[in-house]
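Here are some notes for a colleague who is opening this structure for the first time. Please read them with the model on screen.

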Amino acid sequence: MSQSEDTTAQATALTNHDRKPIHIPGSIQPHGVLLALNTHLEIVQVSNNTQEYLGKEPEDLLSKPLSYLLDARKVEAVKQCLVKKIGISNAFKVLINTSNGERYFDAIVHRTQEAVIVELEPRDSESELSFFGFHDLVGEAIAKMQSTSNLIEFLHIAAEKLQEITGFDRVMVYQFDESAAGSVVAEVKREDLSPYLGLHYPATDIPAQARELYTRCFLRFIPDLTAEPVKLVPTENPTTHHHLDLSYSMLRSFDSCCIEYHQNMQVTALLVISLIQDQKLWGLISCHHQTPKYISYEVLKMCEFLGQIVSSELAHKISHSEWDYEVKLKSLQSEFLKSISQADNFIDALIKPEIRLLDLVSASGAAICLDNEVTLVGATPNIHQVQALIEWADTQVNDDLFSTDSLPKLYPEALIFKDTASGLLLLRISQVRRYYILWFRPEVIQTVNWAGNPKESIQAQADGSVTVSARKSFAAWQETVRLTSLPWRTSELESALSLRNAIVGIVLSKADELAKINLELERSNQELASFAYAASHDLKEPLRGIYNFSTVLLEDYAQILDDDGVECLQTVVSLSVRMETLINALLRLSQLGQAQLREQVTDLNELVTQVIEVFGASRQTSQFVDVRIPRPLPIIQCDRVLVNEVFSNLIGNAFKYNDKAEKWVEIGYLEEDAGTRGRGDTGTRGHGDTEKLLTASSRHALPASSFPASPRHPVTPSSSQSPIFYVRDNGIGIPQHHLETIFRLFKRLHSQEKYGGGAGAGLAIVKKIVELHNGQIWVESTLGVGSIFYFTLE
């Protein structure tokens, strides 16, 4: 048992055999005569065996008109080839007077770029196979081939019928793979011959030039590989001064490598019929005989016709099996896309249930990558291996779709996870974002049976060049192929691309819907803000009247009211004051909703100093309050008036909600990093930020009557960073279950009688101002210990 080696590299190596100009050998096989004519139908070249068949030396024919050999009617038939497409042949029977009397020939005529070629093959009589005789021979074969939908059975029937028609010892159907190597997929043979069915042949056995000729010329017949070829006279075409192109010639001779190769297989006669699918060479029907075997041109054309029938039916048989599989994939895809389009969560729609994503391309595992978030499904490499693979794909894969059935050969690091990902199908969903879907297939260890050692014909020369020689052995030779998965089929690749196109369409549709919703929300918010402003503004006038008239009644008519009446009027006055406070808060919030920022360079040290001085002047705090500023605050770009309101509210709350004998407030900032920025508008935190504050630099305990002046050297943060500001206190704290709700409008945690009352709108206003600056605000708090309010201003 040999170990796997890279046989495809051998197939693609440029060899001396590939460079042979086999279409211009300068000679023909000896079982017929060749005449090359110019456009005036004058003979310019002949094969050097005209004496044997025509009784005339080559020199006697050169420069003669074709009419020298053929009658006028046949000359006219040859002339018709001048207007036909290159390679299209015309055949008819001719009678020629030779030195040995009249002799019948099959005349096969076609034209090339520079000449008209007439090939003459001797016949025993002028009789031709009738249409009905032809139909009897091939009709049954065609009917039987069409009766099955199974591809292998279909090919076996074709081989069987061709052996019946030709009488060859062995008829094989040979299929090429993507690397141009091939295998025998159907075989009919003489019982005593060794089987070739299932054996593989390297690409070097049929060189690129030969494959190209088989694509253009669908029939190749060599009745005797031991026969000596016959040279053309002259060797070069006198019109073009080049060797004559014999690509479409039935009599074209063969090279020595072909002789040696087939003789090593004990083959003397050879007939090859091309099988074409989608204008590409799909395979060959190869007929072998151990002794010389001559077949009439009529039978050869019958074989060619059967080959064309096989080619046309081949597409149907292959497409039928592919179609069944494609229908299954499209059904899966339809259901899949429906669920994705209706889902709120894209990843959940892809992986639940996970089997659908895998079945879409018949994979065993998959990975969905959305930027740095990777989700694994089924049997896959681990998360770190997948991330490294995506990094490699970012630099090595340029197309939207990439597939390989041997990932370790392209990406050596994949060797360690070959059991889950020897095959990779990668789909890039976005050219802008790192959005991928990767499908995986495991290693499938395969034993390939070759017809002889495929490397035997490859020989390295001393100068480093590579040559091909005919292989001598065709006995079964096994090779173990590792590090490969089952190949990805075309329908699976198309299914993956269809998924990408559908996802892009769904995303665009969702984006369009979202844009419309945002537009409606913006309009609704504007209308609501206008309504709130108008309503709160208009409500103040009647409310003021209620307050004034209630005050007049208390002042002028209190003596005629009893105690309950006076208490009721006092309650009306108190409630109207409370109502005005609420309306003012609502009016302020609606004004912010319509406000335009007036940004300017602002020194926060000056701004905070002014805020604290206002509190001291209005005596809203006790005489002694510790105000701590660990380090100078930065200079930023913001709306100075609105940010003043933010600090006023937060510092005021810190003073207000504090029941400690020694009260203090700390104002500062942190440099932003990934561990401190909040993910939402509000939210609870771990204790990471608090720990930073506890270890902050020295604090300043200052009495309210001597607040700190602005630092001499304020700090200006880098434009690439946004500081996180904080206001910290040692107040009463906030219960954990209220941390998400304190920023709502009119949300109070205490009764009006406690902590000086209030409308409960301050934090809602602060949040609105922060959001106007494209920032975020959140809070950390421990009940009975204190709170830290964080906010950013982008």
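1. E2 (residues 33-37) and E3 (residues 43-47) pair in the antiparallel sense over 3 bridges. Strands here are DSSP runs (E) of at least two residues, numbered from the N terminus, and two of them pair if DSSP finds at least two bridges between them. E2 and E3 form a hairpin with 5 residues between them, and Leu 41 in the turn has a positive phi of about 60°.

2. This is a predicted model: local features need pLDDT of at least 70 and side-chain atom pairs count only at pLDDT 80 or more, while totals for chains, interfaces and linings use all residues. Residues are numbered from 1 along each chain as its sequence is written, and side-chain values use heavy atoms, with hydrogens and water left out.

3. E2 also runs antiparallel to strand E6 (residues 116-123), joined to it by 5 bridges. In this pairing Leu 34 stands opposite Glu 119.

4. Is E2 mostly covered or open? Of its 5 residues, 5 are buried (under 20% relative accessible area, with exposed over 50% and partly exposed in between; 1.4 Å probe, protein chains only). In a regular strand the side chains alternate between the two faces of the sheet. In E2, Val 33, Leu 35 and Leu 37 lie on one side and Leu 34 and Ala 36 on the other, and both faces are covered.

5. How many disulfides are there? The count is 0, a disulfide being a pair of cysteine sulfur atoms within 2.5 Å. Cys 287 is buried, because its relative accessibility is 0%. Cys 638 is likewise buried, with a relative accessible area of 0%.

6. Glu 666 belongs to strand E26 (residues 664-670). Glu 666 counts as buried because its relative accessibility is 0%. Its side chain is joined to that of Tyr 726 by a polar contact of 2.8 Å (a pair of N or O atoms within 3.5 Å; within protein, one must be able to donate a hydrogen and the other to accept it, and residues adjacent in sequence count only if both atoms are side-chain atoms). Val 627 is 39 residues from Glu 666 along the chain, yet their C-alpha atoms are separated by 5.8 Å.

Key:
Helices (H or I, at least four residues) and strands (E, at least two) are DSSP runs, numbered from the N terminus.
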